[in-house]
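My notes follow in the order I took them.

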Amino acid sequence: MTALLLTALLAGQAEMEWTRKHVMAKTEPVKTGRIGTDGKLTFDGPTLDPNEVFVVLKDEGDAVQLTGFGYVAKADLIATDDAVGEFDRRIKADPKAGVNYGRRGLAYHSLGDHDRAVADYGRAIALDADNPRWYAKRGRLHLFHARHQKAAADFTVVIRLQPKAAEGYFYRACAYQELGEYDKGLADVTAAIERNPQVASQGYLLRAILWKAKGDEDKAIADYTKQLELFPKDEVALNNRGLLWRDKQEWDKALKDFAASIALAPKYNLPYMNRGGLWQAKRDYERALTDINRAIDLDPNYAEAYYARGHLAAETKDYSKAVEDYTEALRLDPQHPNALYGRGNAYKSAEDYRRAINDYTADARRQPKQAARCFNNRGHTYMQFHDVDRAMADYGRAIEADPAYGLAYHNRGYVWLERYDLDRAQAEFDQALRIDPKSGTFLADRARVDYFRKDFDAALARMEQARKIDPDNAETIIVHAIMRCEKKQFAESVADCTAALKLDYGTLGVLVVRANSYAKLKEHKKAVEDYEAAYVPVRGHYVAQQYAWYLATTVGAINPNGRDPVELAVKALEWYVKLHRKPDAPWVYHDTSAAAHAAAGKYDDAVTIQKKTLGLAKAQKAHPDDVKAIEARLKLYEDGKPYRDDK
């Protein structure tokens, strides 16, 4: 059993959409065309998307109102196939009229030639610097192409020229949201909503996203709820609010929102994917897979859906499928923020350590800001083949990349704990807890330090706190079970181990602890069944050691399988050295071997081995009480008596 932690896979399927109705979703909504006698805006040439043809709602003098947009000057409605040529002619006739450059920019914009559009908007601005329209048009294109600093600068000018208008505030809030300047974004979107209630159709959505980014889920939910009061059929708001309910583990509310979003827009893929994530969190893997597959069917080119399915496959231990889906996500989106890292985790879980290390290394180089998690997990991978020096170096790199990365301190502390350097282990665990005081795992391993110092009351107190924080953490449960044994709470220890097994925790260590507890309860048949179930060569070295101790020292022990305690103890030593690539095993392995030899009447061998045990215990900084116990057993062996553990 190991307490070293990998960074948890991010729940990539938790997709929150800004909004599909966002006016920057495709291209500039104003398109050149003609108003027909039927009152509809039509085009002479092909359009970029037939769904973006806007119906004229009102015709008021020199302007028309289009669906999905506000009022547009009729002068902008020129046949698409002739728009650029028309404005070329106008510019030639009057090269100092900025409006003609701006309108040609609109034509280029409508045709998808964004570079020429930006250039023309710039020329219009140079000739007509006090016209906010061209700053706004150029700013939207900067947003579309992720030039967020430039977008914010353009909309700052729009706000200066039109301080009472909502548009500049709204779009600058969009830019600030992308730049991570959430306080500025919140101030701007609130100003936009106050200036123009019509902006509420997008403003509450954007503000909710900003509140979520700030970590205030309650305010985000309130804004989505306000949005839905105004627009009850907004499937995007329902999807996004559902995610927040899911994060708060309000499962029923989340399911209701996702179902409502799907009912309104059956071809909208995100609520399927997000509901799949909810089923996954509830461990209803069949429903999770059905929903995520539906999301992929609706959009086969959506990388995030493949990442979500890979994450699901990894959780259900189908690592080859996980690797396949993560690889497809990377093919569709080579810059996906989590797929390469996720694939590394899948390789590691499949014990393909070299490929895991390659993926962690590549992801750390590609995303320096995310390097801490990669170094941490690469270090954990090195620990799998007991390269402690490289592992410790990587934990150090993780901390250097992100001094607030608690897992790296924790994992480094666990290495010190394995070396019985309790002071250093405590320092690392304490630092991890300063970073995340609500981590049940960190508390559990800090309790291990108390345990090794024989301060069982303090250890149990920390474990009780850890269990309250994270009641379903299998590792925390099993550590608690170990500590209960020291307080002779053997029945409770058995119950803890059984609960951990139901959570699909690694079985070897759990079965051994339960076997030991059964032995203390004198339920020897159950104890032997657990020892036998856990007994495997090499990686089960500690199983062999504990089994040998039981057979050699326990009053009333049974041995229906005819196991030789001496053989078990010798194998445990050999397997430990082989697996960990160390010159020798911890003192407890030699202590067990001495007890087994004494139980077999081989007292001279027992004395020799126990003297070595005593030297190792002192060198390995064993607790003084353990040293005294070793010395007492040595005296028994010298007197030709076996040791019986009847306490």
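Predicted model: local features only at pLDDT ≥ 70, side-chain atom pairs only at ≥ 80, totals over all residues.

**Entry 1: helix pairs**

I began with helix H27 (residues 524-534) and helix H28 (residues 541-553). Their axes come within 9 Å and cross at roughly 155°. That angle is over the cut-off of 145, so H27 and H28 are roughly antiparallel to each other. I checked the hand of the H27 and H28 crossing, and it is left-handed. Then I listed who makes the contact. From H27 I have His524, Val528, Tyr531, Glu532 and Ala534. From H28 I have Val543, Gln546, Tyr547 and Tyr550.

Next I looked up helix H31 (residues 603-619) and helix H32 (residues 624-638). I read an angle of about 165° here, with the axes 9 Å apart. H31 and H32 therefore also go down as roughly antiparallel to each other. Their crossing is left-handed. On the H31 side, the residues that meet H32 include Tyr603, Ala606, Val607, Gln610 and Leu614. On the H32 side, I noted Val627, Ile630, Leu634 and Tyr637 among them.

How many residues of H24 are buried? I found 11 of its 13. Among them are Ile477, Ile478, Val479 and Met483. I then asked what covers the buried residues of H24. The cover includes H22, H23, helix H25 (490-502) and helix H26 (507-520).

I went to the N-terminal end of H24. Asn473 caps it, with a side-chain oxygen 3.0 Å from the backbone nitrogen of Glu475. Asn473 sits in the loop between helix H23 (456-469) and H24. The side chain of Asn473 also reaches the backbone nitrogen of Thr476, at 3.1 Å. I found another partner in Thr441: a polar contact of 3.0 Å joins the two side chains. Is Asn473 buried or exposed? Its relative accessible area is 14%, so it is buried, the limit being under 20%.

Past the other end, I looked at Lys488. Just after H24, Lys488 takes a positive phi of about 60°.

**Entry 2: salt bridges**

I counted salt bridges over the model and got 48. I followed a few of them up.

Glu475 and Arg448 meet through their side chains in a salt bridge, 3.7 Å from N to O. Glu475 lies in helix H24 (residues 474-486) and Arg448 in helix H22 (residues 440-452), so the pair ties together parts that are 27 residues apart in sequence. I have both Glu475 and Arg448 down as buried.

I then turned to Asp257 and Arg241. Their salt bridge is 2.8 Å, N to O. The pair links distant parts of the chain: Asp257 is in helix H11 (residues 251-264), and Arg241 is in helix H10 (residues 235-247), 16 residues apart. Asp257 has a relative accessible area of 4% and is buried. Arg241 is buried as well, at 14%.

Glu328 counts as partly exposed at 22%, whereas Arg331 is exposed at 54%.

**Entry 3: Asp359**

Asp359 lies in helix H17 (residues 353-366). Its relative accessible area is 7%, and I noted it as buried. Which residues touch Asp359, leaving aside its neighbours within four places in sequence? I found Leu340, Arg343, Gly344 and Tyr347 in contact with Asp359. I also took one C-alpha distance: Asp359 and Gly342 are 17 residues apart along the chain, and their C-alpha atoms are separated by 8.8 Å.

Methods
Residues numbered from 1 in each chain as written. Heavy atoms only, no water. Salt bridge = Lys/Arg side-chain N within 4 Å of Asp/Glu carboxyl O. Helix = DSSP H or I, 4+ residues; strand = E, 2+ residues; numbered from the N terminus. Buried < 20%, exposed > 50% of the residue type's maximum accessible area, 1.4 Å probe, protein only. Contact = heavy atoms within 4.5 Å. Polar contact = N/O pair within 3.5 Å; in protein donor to acceptor, adjacent residues only side chain to side chain. Axes fitted to C-alpha atoms, helices over the stretch in contact; angles between N-to-C directions. Parallel < 35°, antiparallel > 145°, perpendicular 65-115°, else oblique. Left-handed = near helix turned anticlockwise from the far one by under 90°.
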